[in-house]
Amino acid sequence: MSRRLTPRMWLIAFLGIARRETLRFINQRGRFLAALVRPLVWLFIFAAGFRAVLGLSITPPYQTYVLYEVYVTPGLCAMIQLFNGMQSSLSMVHDRETGAMRTLLVSPFPRWFLLASKLVAGVIVSIIQVYTFLGIAWLWGIEAPPVGYLTVLPALFLSGLMLGAMGLFLSSTIRQLENFAGVMNFVIFPIFFASSALYPLWRMNESSPLLHDICAVNPFTHAVELIRFALYARLDLLSLLVVSGCLVLFFAGAVIMYDPGKGLWARRKGGA
Amino acid sequence: MVKRSRLCSTSSDEGCGAFGPRLCQMQQQDALSIQNVSHSFGSFQALKDVSLTVPRGGFTALLGVNGAGKTTLFSLITRLYDNRSGRIEVAGHDLRRQSGAALARLGVVFQSRALDPDLTVAQNMEYHAALHGISRREARPRIAEVLAQVDLADRLNARVSSLSGGQSRRAEIARALIHRPELLLLDEPTVGLDVRSRAEVVALTRALVQDGVSALWATHILDEIRPGDGLIILHKGEVLAHGNAGEIGDGDLTRTFLRLTGEQV
C-alpha cells in the first residue's frame, strides 16, 4: 500500500469524512427535525404575530413593501446555518470527549485539510436543511424569484462555511460539553438577536444607535444580508467581503488552535 | 539500554548478504526511536528527557503506574501533542518534518474508546480507511481480513454500541490495522476488560507481532509481560529501565519494579 498521499487519496479522505457526517446526520433524525422546527416556529408563530406590529419600508433588495414573513425568511435560513455550525462545534467537543477526535487527528493528512473537510461536510448538511425550510416556506406562500433559489446556493455555501468555521473555532476553546450552554447564552443568542435577521437595521437605529452599530459590525448580519440579496439574485458586495474575511479569520484561528505545536488546547493535559 | 533490531543485528551493510544494503538499512531502523524528549504542562513536567527504542517485529511493554507519563508519551508519538524538545522517529521518519509519512506507519489503539458508537463496525472501519486515503472498494477485503483476524467477522454490520467491551477492544485493534501499520501503539488496551477478554486481547496482539507487526504496549499489569519481551519502565516521566524483560533486574519483575520505583504495581 503506497504511503505517498496522492490527489486521489485526498479526495477519498474528504469523501470519507463527508460520508461519516452524513451518516451521523441520518442516524440522528431528531437533529434534522429540531433544525427545522426552530425556524418554522419563528416563521409560523413569531412572524405572524409581528406582522401586525412591525412596519417595513421598502429597502433593498426588496422593490416593494413585503410582509414580515418574507423579510424574516433569509434571517431564518442563516439561523439554520448558525445552529448547524454550533451543532458541528458541539459534535467536535463530543468527539473529543469520546475519543473519536483522536482517530481523525492521527490521520497522515494535514490537520487543516481534516478540519476543512469536516467543515465542508457540515455545510452540505446545513444547505439540505435550508432548502427543506425554503420548500416549506414556499408551500406557506413565501416565494422568492425562481432564479433566487439557484443564486442563493453559493451564498449559503459561503455563509455556512463562515458560521461553521466560527463553530470550529469555538469548539477548540471549549473543553467539556457542559460548557456549551455558556456558549449558547454568551455567543449564539447575542449574535442572532443583534443582527438584521429579525429586524431591519434602520429600525434598530430608531431605538438605539449604539445597538445599530453593534448589529452593523456583526458578521452574522452580513451572512443574513448576503443570503437575502442572493435570494433575489443580487449581490451585496460589502457582505460578501465581510463574510469571506471572517471565514478566513475563523478558519485560521481554528487551525492554529487545533495545531499541536501552536494551539492552546493541545498544550493542556488530556487535551485530545 | 538501546537494543538493535532482531531482524538485522549488524551495524554495517557488510553483514546483509543477499538482502542488499538498502533492505538492510530499512531493517536496521527501529520501528520507533525517541531521543531526549521532554514535555511539560505548565510547571508540571510530565516527561523528562525520555529516550527509548522499539525494535521492528517485537513486542515491547511500556510499564508504569497511573500518572507515569505513558499517555503523554503516546500523545507525543501520535502528534496529538507537539514534541518541542528531542526527536521522535517512526520507522525512520521524523515526526516533525515528515509527520504524514510517520503517522501513515502508525496504528493506534487509544486508552479511551475511539470508535463511533452510532455507526456500524464496517462504517467505522471504512471511515478509518478513508482517513488513510483508502477507498471503500479497496478497504472492503482488508476489513474482512482484519475482522477475521480479531474474530469479529460476524459483527461487520453490528452497531459499535451493541458490542461487548472485549469485542469493542478487538474492533479497535482491527481498525488500527486496516492501513497495514508498521508499528502498533496500544495504550492500556485491557483496561476495563474481564479476565477472559483481557487474555484474548493480549493473545491477539502477540499473534500480530508473530505476523511481523511491531507493538508498543502500555500497561500497568505485570502479568501481561513475558520474559522475552522488550520492556521500558517509565516512572514519574523518566525511563528507569529499558531492555529485555527477562534480563532487567534479577528477573523478578515485581521486585525489580518495587525497587526502582518504590511503588507496587
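Strand 3 (residues 59-63) of chain B pairs with strand 8 of chain B in the parallel sense, over 5 bridges. Two strands count as paired if DSSP finds at least two bridges between them. Strands (E, at least two residues) and helices (H or I, at least four) are DSSP runs, numbered from the N terminus. This is a predicted model: local features need pLDDT of at least 70, side-chain atom pairs count only at pLDDT 80 or more, and totals for chains, interfaces and linings use all residues. Residues are numbered from 1 along each chain as its sequence is written, and chains are lettered from A and ligands numbered from 1 in the order in which they are written.

**Neighbours of strand 8**
- B:Phe59 stands opposite B:Ala215 in strand 8 of chain B.
- Strand 7 (residues 183-187) of chain B also runs parallel to strand 8 of chain B, joined by 5 bridges.
- Here B:Leu183 faces B:Ser214.
- From strand 7 of chain B the chain passes through helix 7 (residues 195-210) of chain B to strand 8 of chain B, a right-handed β-α-β crossover (with the strands pointing away from the viewer, the path from the first strand over the helix to the second runs clockwise).

**Burial of strand 8**
- 6 of the 6 residues of strand 8 (residues 214-219) of chain B are buried, so the strand is largely enclosed by the rest of the structure.
- Buried means 20 or more other C-beta atoms within 10 Å of the residue's own, with C-beta atoms placed from the backbone.
- In a regular strand the side chains alternate between the two faces of the sheet.
- B:Ser214, B:Leu216 and B:Ala218 point one way, B:Ala215, B:Trp217 and B:Thr219 the other.

**A hairpin**
- Strand 9 (residues 230-235) and strand 10 (residues 238-244) of chain B pair in the antiparallel sense over 6 bridges.
- B:Ile233 stands opposite B:Ala241.
- The two strands form a hairpin with 2 residues between them, and B:Lys236 in the turn has a positive phi of about 50 degrees.

Methods
A residue is buried if 20 or more other C-beta atoms lie within 10 Å of its own, exposed if 12 or fewer, and partly exposed in between; C-beta atoms are placed from the backbone.
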